[in-house]
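I opened the notebook to record what I looked up in this structure. The entries follow the order in which I checked things.

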Amino acid sequence: MMRKYVFFIVTLLFGLSASGQKNQGTVDPSVLSAQTDSSQYLVGGIVEYTLEYPLSATSFSLDTVQGLLLLQQDLDTADNYLKHTISFLVVDSGTLAMPRATLEYTGDTYTTDSTSVLATIIPAQEGVERAENRALKTIDFNFGHWVSHYKLHLLGLLLALALAYLIYRFVSRNTETKNEEEDLVEIDWFADTMAALAKLREEQPWEIDAKGYYTSIADILRRYLSVQTGLPLSEQTTSESLATLRTRWTSEDVERFEFIMTRADFVKFAKGQTTVGEHLDCLQRAEQLVLDFKPIEENDGLE
């Protein structure tokens, strides 16, 4: 029984070995040949590894290699064959195995035979000691070189900042516009103006400063009427405002406006004396003018 197990295991290992050799490909120099320009090299030298195979071959691949650094590859053709020259830099000493090449040709797989080279270190000359290892050289920072090296990163950063700024401006503008619209909706110019005139009636500021009282009435009316009519009354003098309004308002409204502004100018500049009745009359005219330009509400229009 034990002999059967041993025979089975040996047969299995032999089969796997044969299968592995079959998968590695056939070694046939007439189809795929490989050679080096020498068999011995010094560390730091160049190995020229030349492969030749038919032009119609496919699936060419090269194994990895240790102790050698691939520098370049050159291709040349001659008589339906491809000459593939690979240059390696020797970076280690000892016996170095050259990489196997594998390709497909006429349905079969071919590979190169094992090839190795011997790499040695340059021998020290008699009576000459090796120089000590040199310290690393300190290189001063160069801003121009730094920018040249990271120019793509810097360009990407600038584009990202520009995009972020544009997004910020867009969001800020929308927020400001929304806030302005909300502020305009929230302001009730008619109610605020009537409240301001009612406050003047309650506080009776003419008893202390008649000039300030008429100035307040004039400012309140100019601001309210500028909003309601769209005319720049707050930026015009009394004469300029009257010249504009005579072609736009009714004679009664123009007369009220002229009376209030003229009375304010009279008190401010001529320092004239007025009575309490005149103060209240001016205030009443102002309230009536505000009522004449009261905004039409939707419910009022439906009624």
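**Helix H6**

I looked up the face of H6 turned away from its buried side and found the exposed residues Ser239 and Ala243 there. I counted a residue as exposed over 50% relative accessible area, as buried under 20% and as partly exposed in between, with a 1.4 Å probe and protein chains only. The buried residues of H6 are Thr238, Ser241, Leu242 and Leu245. Helices (H or I, at least four residues) and strands (E, at least two) are DSSP runs, numbered from the N terminus.

**Basis of the entries**

I note that this is a predicted model, in which local features need pLDDT of at least 70 and side-chain atom pairs count only at pLDDT 80 or more, while totals for chains, interfaces and linings use all residues. Residues are numbered from 1 along each chain as its sequence is written, and side-chain values use heavy atoms, with hydrogens and water left out.

**Salt bridges**

I searched the whole structure and found six salt bridges. The criterion is a side-chain nitrogen of Lys or Arg within 4 Å of a carboxyl oxygen of Asp or Glu.

I first wrote down the pair of Glu287 and Arg201, whose side chains meet at 2.9 Å, N to O. Glu287 belongs to helix H8 and Arg201 to helix H4 (residues 189-203), so I noted a link between distant parts of the chain, 86 residues apart. Glu287 is buried, at a relative accessible area of 16%, and Arg201 is partly exposed, at 33%.

I then took Glu258 and Arg246, where the closest N and O atoms of the salt bridge are 3.8 Å apart. Glu258 is in helix H7 and Arg246 in the loop between H6 and H7, 12 residues apart. Both are partly exposed: Glu258 has a relative accessible area of 30%, and Arg246 has 49%.

My next entry is Asp292 with Arg256, a salt bridge of 2.8 Å, N to O. This pair links helix H8, which holds Asp292, to helix H7, which holds Arg256, over 36 residues. Asp292 counts as partly exposed at 35% relative accessibility, whereas Arg256 is buried at 19%.

**Aromatic rings**

A pair of aromatic rings is described by the distance of the centres and the angle of the planes. I paired rings of Phe, Tyr and Trp (its six-membered ring) if their centres lie within 6.5 Å; planes under 30 degrees apart count as stacked, over 60 as edge-to-face and the rest as tilted. By this rule I count nine aromatic pairs. One of them is Trp249 with Phe293: the centres are 4.5 Å apart and the planes stand at 45°, so the pair is tilted. Trp249 sits in the loop between helix H6 (238-245) and helix H7 (251-270), and Phe293 in the loop between helix H8 (276-292) and helix H9 (298-302), 44 residues apart. Trp249 is buried, with a relative accessible area of 12%; Phe293 is buried too, at 17%.

I also noted one aromatic cluster, formed by Phe143, Trp146 and Tyr150. Separately, I found Arg285 over the face of Phe259, at 3.9 Å from the ring centre. For this, NZ of Lys or CZ of Arg must be within 6 Å of the ring centre and within 35 degrees of the ring normal.

**The sheet**

What is the order of the four strands in the open sheet? I read S2-S4-S7-S6, with antiparallel pairing. Strand S2 (33-36) and strand S6 (68-78) stand at the edges with a single partner strand each, so one side of each has no neighbour in the sheet. The twist averages 20° from one strand to the next. Two strands pair if DSSP finds at least two bridges between them.

I listed nine bridges between strand S4 (residues 46-54) and strand S7 (residues 81-90). Tyr53 has Leu82 in S7 as its bridge partner, and Ile46 stands opposite Leu89 in S7. S2 and S4 pair in the antiparallel sense over four bridges, and Ser33 stands opposite Glu52 in S4.

Terms used. Axes are lines fitted to C-alpha atoms, for helices over the stretch in contact, and angles run from 0 to 180 degrees between N-to-C directions.
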